[in-house]
Amino acid sequence: MPYIDFDRVHREIRLLDVVEAMFHPLIERRGPKARGACPAKCCDQARCVSFDFQRGAWFCHKCQRMGGAIDFFRTTTNQSVYDGTVSLYRLLGKDLPLRPATYDQLRKRKGSTRQRVDAEPNREL
């Protein structure tokens, strides 16, 4: 599993691009702000979420969920952070920003180099 450069993801992906790519309906739009339905489908109200596209943030006044572009996509599609990011980049037609693994990450992936010590040594009969 490649390592995603999430710093670059947060700099590259804009909330407005995600909302438009998902065809999420916006009820009211005034400048960089808008209202719409909750991506978590917490209620039937069509305007319970406030979007601030300048800040790149959204907030549901009913279920209190909030976040940025990745969080909006993950909440709508019910995916993990990793899978949601991969799916979002595919939807937007962009290349996923990857970063090389560090030595510590590779060591964690392979497991510890120390041998396991049993709580009770094997006894010979």
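How exposed is arginine 8, in terms of relative accessible area? Arginine 8 is partly exposed, at 33% (buried means under 20% relative accessible area, exposed over 50%, and partly exposed in between, with a 1.4 Å probe and protein chains only).

A word on the ground rules: this is a predicted model, where local features need pLDDT of at least 70, side-chain atom pairs count only at pLDDT 80 or more, and totals for chains, interfaces and linings use all residues. Residues are numbered from 1 along each chain as its sequence is written, and side-chain values use heavy atoms, leaving out hydrogens and water.

Side chains of opposite charge can pair when their charged atoms come close. Counting a salt bridge as a side-chain nitrogen of Lys or Arg within 4 Å of a carboxyl oxygen of Asp or Glu, the model has five salt bridges. Here are some of them:

| Salt bridge | N to O distance |
|---|---|
| arginine 8 and glutamate 12 | 3.0 Å |
| glutamate 28 and arginine 47 | 1.9 Å |
| aspartate 71 and arginine 74 | 3.4 Å |

Arginine 8 and glutamate 12 sit four residues apart in helix H1 (residues 6-12), so about one helical turn separates them. (Helices, H or I with at least four residues, and strands, E with at least two, are DSSP runs numbered from the N terminus.) Glutamate 12 is partly exposed too, at 27%.

In helix H3 (residues 69-77), aspartate 71 and arginine 74 are three residues apart, again about one helical turn. Aspartate 71 is partly exposed at 28%, and arginine 74 is partly exposed at 24%.
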